[in-house]
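User: I have a chain open in my viewer and want to learn how to read its features. Can we go through it step by step?

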Amino acid sequence: NELTLLQSATRGNDIAQRKRSLSNGWSNDVKVDVPETGISLGEISRLLTARFGHDLHIGGDLVESASGGLALSVSGDGLSPKTFAGGADDLDKLVVDAAQYVYSQFEPDLWADYLSEAGRCPESITFIKSAFSRADDRQRAGLLNRWATCQTDMDSSPSSLREALKLFQRAIELNPDFRSPYFNAETLLRSFGDEEGAWRLGKALRARLSGAGAGPWYRLTGDFRAELDELIADAAVNGGGGTFVNAAAGPLNIALTEVRLHDPAAAELTLQTIQAGDQSREVSETVHFLRGLLAEEVGNVSQAEVEMSAVIQLDAANPSEWVPAPDVCRIVPIVEAAGHSDQADAILAHPAAAHFVDCQRFRGDILDHRGDWAGAQQAYAAAVALAPDLPAGYYSWGVALARHGDLAGALAKLEAANQRGPHWADPLKSWGDVLAKQGHWSDALAKYEEALKYAPNWAALTQARDAAAKQRG
């Protein structure tokens, strides 16, 4: 029972696939005899499992000493015997200690995950170093993955993050089918400003696992429907919160993806599921960020500015990496539209902004807004050059060209964006908008209907589709 509780409390990507099934020694003790043999079905089952199966058997003894104390001994297949001693009232503690010992010996990578998810990263890293030599390659990959994630949690300096990236890469080498280190390495590369490198790593994972995706890959390519499905499935097998220490992080990531799908009603409902006890400063900052995006989605510029100003204030008072740097630049068009050019410039003046696609494409948008079309096009070109395999730079450039009446140029950029992000609804809608301006209503309708496959609850897209259908007749 205690082992089951430990497994249930262990969260993380791929955890469900790595956990063992557990049963007690009497669960298959069926007492139906097979005729003329004198052997029961339960005995046959145990004999077959022992001969052909991969069970690990754990046993032990509980002994009372002459003084009334207790000694609980455990042993098993490949397990060094160990005795846990205590007083007459310490049985529960002895059982927990014994279960944790068994768990750490048989599943060292999961035990390391358990420790870190409980906020015990220093203890987890110490255990990982001691357990690494006796682990197999599968377990070593899990241990290195957890070592690296703990290191990023404990020390976010550039040198520490670079060392963590090396650990993730080694974990991939040890177990190329283990998805978590791919996800984590992609996230780190993205945070370094190497979004093209993150895309390449995601592509390698998809090639290895026959098209299996990952959150960073989906985000980079605009496949937000697939990202949402993955986040919901992850939450379902990890206690609702997903693979995060803070239980609010799972709903926050789901809400953020729903915003990107232009589904404000769903995002608002998800935000309401966050419990009051989860409202840490980091969570509050992200909630303001999300509410700013929600207000922008429904055209409430003033409220969007209020929410994003709150994010800026919280971030200035308590530097936080809760909102990744590329997402911080998502604040820029909102504060610019509200007349706060100083705030927009301050964000874009950060040295890191030069390395992110979103920062450069939003720089292009505000330069265009200020009348500097030549400078805007240079920024869009910089966004494309940073990550030529990502769709976002092409998309923003195409929308800007359409604003300036260059419909042919806009179509070329939007098609390029669609090639790199075929499941992203935004370039498809803008492509349909350009076709509608040209009077090609049937083609526009086809683009709108394709976009609706990936953002079915986008109100503006539905309106555009209905208008194109009416014009086509």
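**Disulfides, a helix and the cores**

Analyst: Start with the link between Cys121 and Cys150: the torsion about its S-S bond is about -80°, so this disulfide is left-handed. This is a predicted model; local features need pLDDT of at least 70, side-chain atom pairs count only at pLDDT 80 or more, and totals for chains, interfaces and linings use all residues. Residues are numbered from 1 along each chain as its sequence is written, and side-chain values use heavy atoms, with hydrogens and water left out.

User: What counts as a disulfide?

Analyst: A disulfide is a pair of cysteine sulfur atoms within 2.5 Å. Here the sulfur atoms of Cys121 and Cys150 are 2.2 Å apart. Cys121 lies in helix α6 and Cys150 in helix α7, so the pair ties together parts that are 29 residues apart in sequence. Helices (H or I, at least four residues) are DSSP runs, numbered from the N terminus.

User: How many disulfides are there by this rule?

Analyst: Two. Cys329 is joined to Cys359, S to S 1.9 Å. With 85° about the S-S bond, the link of Cys329 and Cys359 is right-handed.

User: Is Cys150 buried or exposed?

Analyst: Buried means under 20% relative accessible area, exposed over 50%, partly exposed in between (1.4 Å probe, protein chains only). Cys150 has a relative accessible area of 0%, so it is buried. Cys121, at 8%, counts as buried too.

User: How do I read a helix such as α13?

Analyst: Check its span. The expected value is 1.5 Å times one less than the number of residues. Helix α13 (residues 249–260) has twelve residues and reaches 17 Å from its first C-alpha to its last, close to the 16 Å expected. Then check burial. Eleven of the twelve residues of α13 are buried, so the helix is largely enclosed by the rest of the structure.

User: What does Arg260 contact?

Analyst: Contact means heavy atoms within 4.5 Å. Leaving aside neighbours within four places in sequence, Arg260 is in contact with Arg219, Phe224, Asp327 and Asp426.

User: Which residues have the most contacts inside the largest nonpolar core?

Analyst: A nonpolar core is a set of buried Ala, Val, Leu, Ile, Met, Phe, Trp, Tyr and Cys residues joined through side-chain atoms within 4.5 Å. The largest has 64 residues, and Leu188, Val434 and Tyr448 have the most contacts inside it.

Terms used:
Helices (H or I, at least four residues) and strands (E, at least two) are DSSP runs, numbered from the N terminus.
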